[in-house]
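The following exercises are to be worked with the sequence and the structure at hand. Each task is followed by a solution in steps.

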Amino acid sequence: MSFWIDPINFVIAWLKGLLESWGLQPGLVTFVMYLIGAFVTTLLAMLLVVFLIWLERKLIGRVQDRLGPNRLGPWGIFQTFADMLKIFTKEHITPDGADGVAYNLAPVISVGAVLMVWAVIPFTATVVGVDFNAGVLYLMAVGALGEMGVILAGWGSNNKYAMLAAFRAVAQLISYEVPMVLALMIPVMFTGSMSLQALVKEQDIWFIFLAPVAALIFFISSIAEVGRTPFDLVESESELVSGFNIEYSGLKFGMFYVADFLHAFTISLLFAALYLGGWRGPGAEQYPMLGFVYFALKTAVVYFIGILMRASLPRFRIDQMMDLNWKYLTPLALVLVAATAVAGKIVPAEMAGLRLVVMLALNGIIFAAADRLMTRRRSARRQVAQAPRPVAHYVQPAPTDPGD
Amino acid sequence: MLDDWLYLGIFTVISLFLPAAAITIAALLSPKKPDPLKTSIYECGMETVGETWIQFKPQYYVYALVYLVFDVETIFLYPWAVAYNQVGLFAVVEALLFIAILLGGLLYAWRKGALEWA
């Protein structure tokens, strides 16, 4: 194995050799290697946030016809470092009567829940934290942990706004988990494994072509899981004075934003891995670092679409948001799973071309039917809203006799 | 297999440790000037009225219940999804029945008004 073909595994092998030459026991060597691997992955993820914050501010600035950060360094790239220095030295104000454990645990859990996802993501053909055979289940379990952070923050802050916002946020987050889980089931069905590396390897045809509607559902519900526009009811400034993190200050407050930015990037990673073929591309098997580049490019595209959505869409109302999930996405996902299961059995996996055509047609039909139903519901609602209603006029009290 | 779990365990500990360490460092660096006025609770520019941990809308319970049903039942579907390539048409029909029951439950909840944000 040469350095230029697979530098990461080269370094790993070198480090392992070094540790063994020191006479450490094999078990201890594994432990130390895992410790280093986990530490490096999480640290890189945290450092990536610095870049992501700058990128997002810059891109949203451009969408809104502004320059974005442009003072510190080339293209304002050091802006986030300045912000970090500032936030590190801000006072931590704990509100009166806060529940200490919940209040302090919440930001840690929020960030930790997102970081944990990185343990199972396959970055290249050879570099994956752990090729865990229940990877998809792990993703969902860890994803649900983020909700713990939100509810702990809301409960511990001793503030009614924070608590109301946390209730709303958790209602949103748990609701959108249902279509997300169902949409993830379709790639698992095609692959016959829950390991993410196996899912990527199975994608001779990207799953976005075999299951476009599932990909769409996954994308929408993962945006909702992050709580980004148009699903940013979690942190709605005007309705709930910024939401569950209102009583936080200093880096504790910053941690919620670290979690937010990192989560947005992580769902792009997952979307790229699950539906866009992950690291796959010409030459990625021989040169793993090339796979890394493909993966990064695909992730960047998804992330960019997410930012564009954030910059251009208005916020949903909470009842609309719940309706979209329970009355549209969830039934659609259930029907999709059932239909895909039947179609997959009728057209076996060996006939790849035919299967692709059948799946595309099936998805097209289901999507068109769902769209038609949605349009009918919407026009029915619009008729109700636009129907002439009796207006209660303000009746002026009869003028009283000035003589009284 | 056991190694996988070891790695996940280490990863969990470290991913909780990193933010905790960052917050601890920031707490050491930051000024500490508590003030009764500063730490008082905000509520529309006045003192907070009554308990914070108030009763909440029963609607949240209903959503949580529907979610629980769906999450548990979809977890039952996952083993079937993993074995999908090996099982015959019969197992698929069984899963279809299962999904139909789920869908029926959703329609029932819908009809009963459990999904209305009122």
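This is a predicted model: local features need pLDDT of at least 70, side-chain atom pairs count only at pLDDT 80 or more; totals for chains, interfaces and linings use all residues.

**Exercise 1: A methionine and its core**

Task: Determine which residues A:Met185 is in contact with, leaving aside its neighbours within four places in sequence.

Solution. Step 1: Apart from those sequence neighbours, A:Met185 is in contact with A:Val337 and with B:Leu77, B:Tyr78 and B:Ala81; contact requires that the C-beta atoms of two residues, placed from the backbone, lie within 7 Å.

Step 1: Residues are numbered from 1 along each chain as its sequence is written, and chains are lettered from A and ligands numbered from 1 in the order in which they are written.

Step 2: A:Met185, together with A:Ala166, A:Phe218 and A:Phe271, has the most contacts inside the largest nonpolar core, a set of 143 residues. Such a core consists of buried Ala, Val, Leu, Ile, Met, Phe, Trp, Tyr and Cys residues joined through C-beta atoms within 7 Å. A residue is buried if 20 or more other C-beta atoms lie within 10 Å of its own, exposed if 12 or fewer, and partly exposed in between.

Step 3: Helix α6 of chain A (residues 160–191) supplies the largest share of this core, 23 residues. Domain 1 (7–89) and domain 2 (94–381) of chain A each contribute at least three residues to the core.

**Exercise 2: The two domains of chain A**

Task: Describe the fold of chain A and state how many residues each domain gives to the contact between domain 1 and domain 2.

Solution. Step 1: Chain A contains 14 helices and zero strands, where helices (H or I, at least four residues) and strands (E, at least two) are DSSP runs numbered from the N terminus. Of its 404 residues, 47% count as buried.

Step 1: Chain A is divided into domain 1 (7–89) and domain 2 (94–381), with bounds from an automatic or database domain assignment. The C-alpha centres of these domains lie 23 Å apart.

Step 2: Domain 1 gives 18 residues to the contact and domain 2 gives 17. On the domain 1 side, α2(A) gives the most, with twelve residues.

Step 3: By class, this side of domain 1 has twelve nonpolar, five polar and one charged residue. Here Ala, Val, Leu, Ile, Met, Phe, Trp, Tyr, Cys and Pro count as nonpolar, Asp, Glu, Lys and Arg as charged, and the others, Gly among them, as polar.

**Exercise 3: Chain B against chain A**

Task: Identify which helix of chain B gives the most to the side that touches chain A.

Solution. Step 1: The contact joins 57 residues of chain B with 64 residues of chain A. Helices α1 (2–29), α2 (58–82) and α3 (89–111) of chain B each supply at least two residues.

Step 1: The most come from α1(B), with 19 residues. The side comprises 41 nonpolar, nine polar and seven charged residues.

Step 2: An unreviewed UniProt entry annotates residues 6–29, 60–81 and 87–110 of chain B as "transmembrane region"; such annotations may be inferred rather than shown by experiment. Residues 60–81 are 100% helix, with end C-alpha atoms 31 Å apart.

Step 3: Chain B averages a pLDDT of 83, and 96% of its residues score at least 70; pLDDT is the predictor's confidence in each residue, from 0 to 100. The model scores ipTM 0.89 and pTM 0.90.
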